[in-house]
Amino acid sequence: MTATPAQQAAPAAQMWPLYAAGFTTAFGAHGIAANLGGHSEDAVTSLLVLGGLLALYDGAEVLLKPLFGALADRIGARPVLLGGLVAFAAASAAYAVADSPGWLWTARLGQGAAASAFSPSASALVARLNPAARHGRAFGSYGFHKSVGYTLGPLLGGVLVWAGGLRLLFTVLAVLGAAVALWAALAVPRVPPLPKQRQTVVDLARRLADPAFLRPTAALAGATAALSVGVGFLPVSGSAAGLGTVATGAAVSVLAACAAVVQPKAGRALDEGRLTARAGLTAGLLITSAGLACAMLPGLTGVLAAAALIGIGTGLITPLGFAALAAATPAERLGQTMGSAELGRELGDAGGPLLVAAVASVATLTYGFAALALLLAAGPVLALALAAGRRPTPDKI
């Protein structure tokens, strides 16, 4: 198989395995994380152990995603994608076979390292297999399937753990990783690495410090921070207001559903010229900030409004951010850029909850939501103010 010509959109048959890879990393991350604490008393003996198991997956991604992204540029994204999926299946199978606390640590570390390989490679292939005029649609669909994985992970993962314990969940993940690897091997075309000039550390630092990289990456990090805070803290806020688990669970589902629905629409609007990346990112950050502000309101109304607005805001930011990065990156450096951008998202995923928790520990959760809302709104408000200041004024008569 050969690569899809740059001027043509990739056939759907080539894109579906990439969407499935995005689903796999999201489902694997949240499916296990949401069920470790309540269903693995033999392995999770304390909150410290639980925190360590959760941090293993994200820690591996923070360290390895830029490295695997650069490797994808060097040898091609397809082999890194396939290798990562096979490694994910093997790491999952290791615990499914051994079923011991020690192997749980090994499996989570292996899953995180494997996801670090196939996640940025899938993003790079989404960009390489589609012309720039369709990047919005492509990344919108990719983000939609990741959102489905984030949504189904805790729900379907809980059902699997209830039916057969963690061992069954890891077995399903092993089968899923292997199936997606086989599917990608058959359907995803070979995309050879492009020739590129030698890059020094200074060149890399200069490129990563460019506003064309920093703006969308910062927006993606902010969106991921808000998403993580919404999933983690909105149920706490709802419980404090006297809401039951059904109501708070529904709120989290609203957040994920809004994000999933908005992403393809935002990508399509970008491709059709009805929305620019800068305007969409600005609007997304402001909407997300407004959602966090709504989380400060008491009762079900505040929780549902917060969930809907955070979902809409993050749904705007995600496809537009990745499309903006793809547009500003030389094709031969896409893997490195996507890996570095994913690193920014992982830092947001960890930093958002830490910020809210730190503020809540000295004040209340309401002030924690307010702190993150102000942080997300600061950038767009400052940019709008600077743009207004540079706007030419009519000459005085």
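**Rings, a cavity and a glycine**

Modeller: Tyrosine 95 and phenylalanine 170 are both buried. Keep in mind that this is a predicted model.

Biologist: How far apart are the ring centres of tyrosine 95 and phenylalanine 170, and at what angle are the planes?

Modeller: Their centres are 4.7 Å apart and their planes are at 55 degrees, so the pair is tilted.

Biologist: Which helices hold tyrosine 95 and phenylalanine 170?

Modeller: Tyrosine 95 sits in helix H3 (residues 77–98), and phenylalanine 170 in helix H5 (residues 135–187).

Biologist: How many aromatic pairs does the structure hold?

Modeller: Five. One of them joins phenylalanine 23 and phenylalanine 27. Those ring centres are 5.5 Å apart, and the planes are at 10 degrees, so this pair is stacked.

Biologist: And where are phenylalanine 23 and phenylalanine 27 in the fold?

Modeller: In helix H1 (residues 12–39). They are four residues apart there, so about one helical turn separates them.

Biologist: Phenylalanine 27, buried or exposed?

Modeller: Buried, because its relative accessible area is 3% and the cut-off for buried is under 20%.

Biologist: Switching topic. How many cavities of 30 Å³ or more turn up in the whole structure?

Modeller: One. The space in this largest cavity is about 90 Å³.

Biologist: Which residues are closest to the centre of the largest cavity?

Modeller: Ala72, Asp73, Ala77, Arg128 and Ala331. They belong to a lining of 14 residues.

Biologist: Which elements give two or more residues to that lining?

Modeller: Helix H2 (47–75), helix H4 (101–128) and helix H11 (334–362). H4 provides the largest share, with three residues.

Biologist: What is the lining of the largest cavity like by class?

Modeller: Nine residues are nonpolar, two are polar and three are charged.

Biologist: Last topic, glycine 321. Which helix is that in?

Modeller: Helix H10, which covers residues 299–328. Glycine 321 counts as buried because its relative accessibility is 0%.

Biologist: What does glycine 321 touch, leaving out residues up to four places away in sequence?

Modeller: Pro216, Leu220 and Leu281.

Biologist: And how far is glycine 321 from alanine 341 in space?

Modeller: 9.3 Å, C-alpha to C-alpha. In sequence, glycine 321 and alanine 341 are 20 residues apart.

Methods: Residues are numbered from 1 along each chain as its sequence is written. This is a predicted model: local features need pLDDT of at least 70, side-chain atom pairs count only at pLDDT 80 or more; totals for chains, interfaces and linings use all residues. Side-chain values use heavy atoms; hydrogens and water are left out. On a 1 Å grid over the protein atoms alone, a cavity is a set of points where a 1.4 Å probe fits but cannot get out, and a pocket is an open set with protein on both sides within 12 Å along at least five of seven lines; lining residues have an atom within 4 Å of a point. Grid points are joined across faces, edges and corners, and a volume is the space filled by probe spheres set on the points. Ala, Val, Leu, Ile, Met, Phe, Trp, Tyr, Cys and Pro count as nonpolar, Asp, Glu, Lys and Arg as charged, and the others, Gly among them, as polar. Buried means under 20% relative accessible area, exposed over 50%, partly exposed in between (1.4 Å probe, protein chains only). Contact means heavy atoms within 4.5 Å. Rings of Phe, Tyr and Trp (its six-membered ring) pair if their centres lie within 6.5 Å; planes under 30 degrees apart count as stacked, over 60 as edge-to-face and the rest as tilted.
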